[in-house]
Amino acid sequence: VRAERDARARASNAARGEAQSRDEDARASTSADAEAARAASLRPATRANVRREIMTMNDGTEREITVDARFKCAKCARGSSCFAVHRATSAVSGMRAKRRYNERKKAKKTKSKYASDVEGGGRGSRARADADPVGATLALIRDGHRPTAKTFTAVISTLGAMGRAKEALDDVLPMIEEYGDDVDVAVWNAVAHAFCAGGDPAGAEKIVDRMVGEDGVGVNGATHPEIIYTYAKRGEANRVYRLIRRMSSEHGIIPDERAYNAFLRGLCERDDLEDAEEVLRRWNNEKFDLERQSDRGGRVSKPSAASYGLLIDAWTRRGNMLAARKLLQQMQWERIAPSLPLFNMLIDGYLKQENMRAAEGLFRELESSGTWDMESLGIKPDNVTYTLFLDYWANQGQVDACERIFNRMHRKEVAPDVTAYGTLVKAYARARDSDGAEAVLDRLAEAKVAPSVAIYSAVVAAHCTIGNMSRARDVLERMFDAGLRPNERTFAHFAWGYGQLEDINGIAEVAKLMLASGLKLKGANRTAIVRACEECGMSMSAVQALLDRINPEMTQRKGVWKRDGGEPKPKSNRAAAAAADEDLEPSTLEPTKTKEIYGGPESTARRVSLSQRVESLDEDDDDGDTGAVDAPPASSDWPRKVSTRAVAIAHRASSRARPIRRTFTRTNARAFAITRALGAASM
């Protein structure tokens, strides 16, 4: 029976080899005919524009070159690419990157109408009006430049991310042929992947059929994985199995590790981990399928450590450490060598669940005291492994445990990096030991490790936690001496520290230092200043007045935009009131009839004029200044009921001070100064 089976297998292989050779000959002849037809169609148009010239090289030799007269750029005419082409290619790629970032950012906030496309593997059809990659390419051609194959590939990928893959097939491919480039398998792969990016894997599969059939360019190992990944992310596992069968039977490509990893990655991102384990089981059992081995000529792929790592990481993120540990044992049964990142994943998962015993067991196994022979595999703990334990103990403020880990790193000859030192600083900060945190900077210099902004910010936070702002400013000076520039997080620590001390002047100095460092009082920076002021008991109106005083440009309005030299757009009531108050001209607005303090045209005028009044306050509030201001302009015709409400709001800043501190602090003095400003303006 075995002899008959072998004979049938040999006969089948021989027949299959003859069929493949016939198919290859037919494909080669078809490809040659298509290339000749394309060349014949393009050669008459090209012959009229292409000429040969003699070019003198730098070494004095002469060389005959081909020049295309359709391009004004000399480098593009000679077949090279200039800086303008590289810049346009980067701009087209940037359209795709910016769009992906915006979609990830918006997906976290709300579930839009494109959410179904994103969940299914596509990215929707939303795009900005100016994000037109085809228009950018046409503009490049109009300027006399020649787009390269890289430019067209970027255009195709961006169109796919925008959900416009059909345009890549209908418009971009003829452009590539027009400018003399070959539409090879890489370009067709980009078109197929564009359909996948648009959420249409079935359309991508049709493109693959065209590549194998009428177009004759063939396929390679990079064609199918993206299609498999898109099908898997959409939950269509049956289509993936069908495509894997077609790869070997119709397309002449044996499914390898790259294809199966794409399958696993799509299922893991969809959180179908049970189905992913079933795919891994079938993949392992392929080596026992003699018929499949015969069909593939004895070439059968098997999972690797990266394949198991996809599932281990997914189970760890879900919190099922038992399933993740079973996969590690399965690797040992299948005789698959593990890697260090797999152990780091498991250790991180155990530490997040506060299972120190299991984490230490894996760590001992890394040190060749378990079932794996780590010495022969060349695996040993690295900085990442030790930093995981450092971070666990640092979160609890256990400085002694962190120091023991550092000593162990030195014994094992593992040099700590800046991340490990930063984690040690965090441990001292949690233990409220700012001196120890600052001493880590000296140890960093002794180890000749380049410091980072993050580690200096952590030391600043350690001093701010205990209210030692003078030492925090010394660390900031030390940071400047090291050639580093503080970031938003550094200033946020300073603002929080001054807020805990109820020091308004300190918060104002931090805001001014932000502006001097090139940062803007927007977003997270403004939030840090506002929260610090709220810790001092200030109301939002008083905080806004303080911010307007520090940065008057925040309240300035932009100029009026005109369309094609015509009449400007009519101003809204809010903008007109702000402009009238800034110019100190008589206002045509009528006093508001509502009792609202915020909103409406007059509220903007009051807010702008309030910032101008507060700017007139001197810095010597502690010297007995009464805080008197000039009389309001003639345009400030405010009703008395509004000013009374405003005085009440400003007065509330003094009453919101903490009960444990009832003295007349500088915060209350500034609040009463604002109250006097509002009262004088309403007279």
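## Salt bridges

The model is predicted, and its count comes to 24 salt bridges.

## Glu 205 and Arg 246

The side chains of Glu 205 and Arg 246 form a salt bridge, at 2.9 Å from N to O. Glu 205 sits in helix H9 (residues 201-212) and Arg 246 in helix H11 (residues 237-249), so the contact ties together parts that are 41 residues apart in sequence.

Both partners fall under the 20% cut-off for buried residues. Glu 205 has 4% relative accessibility, so it counts as buried. Arg 246 is also buried, because its relative accessible area is 16%.

## Two partly exposed pairs

Arg 239 meets Glu 236 in a salt bridge, with 3.3 Å from N to O. Arg 239 is partly exposed, at 37% relative accessibility. Glu 236 is partly exposed too, at 25%.

Arg 318 and Glu 274 pair through their side chains at 3.6 Å, N to O. Arg 318 belongs to helix H15 (residues 305-318) and Glu 274 to helix H13 (residues 273-285), so this bridge ties together parts that are 44 residues apart in sequence. Arg 318 is partly exposed, with a relative accessible area of 38%. For Glu 274 the value is 48%, again partly exposed.

Some salt bridges share partners. In this way Glu 205, Asp 209, Arg 242, Arg 246 and Glu 250 are joined into one network.

## Helix H29

Helix H29 spans residues 540-550. Eight of its 11 residues are buried, so the helix is largely enclosed by the rest of the structure.

The buried set includes Ala 542, Val 543, Ala 545, Leu 546 and Leu 547. Asp 548, Arg 549 and Ile 550 are buried as well.

## Cavities

The structure has two cavities of 30 Å³ or more. The second largest cavity holds about 30 Å³ of space.

Asn 220, Gly 221, His 224, Pro 225 and Met 247 are among the residues lining this second largest cavity. Ile 253, Ile 254, Asp 256 and Ala 259 also line it. By class, the lining comprises five nonpolar, three polar and one charged residues.

Notes: Residues numbered from 1 in each chain as written. Predicted model: local features only at pLDDT ≥ 70, side-chain atom pairs only at ≥ 80, totals over all residues. Heavy atoms only, no water. Salt bridge = Lys/Arg side-chain N within 4 Å of Asp/Glu carboxyl O. Helix = DSSP H or I, 4+ residues; strand = E, 2+ residues; numbered from the N terminus. Buried < 20%, exposed > 50% of the residue type's maximum accessible area, 1.4 Å probe, protein only. 1 Å grid on protein atoms, 1.4 Å probe; cavity = no way out; pocket = protein on both sides within 12 Å on 5 of 7 lines; lining within 4 Å. Points joined across faces, edges and corners; volume = space filled by probe spheres on them. Nonpolar A, V, L, I, M, F, W, Y, C, P; charged D, E, K, R; others polar.
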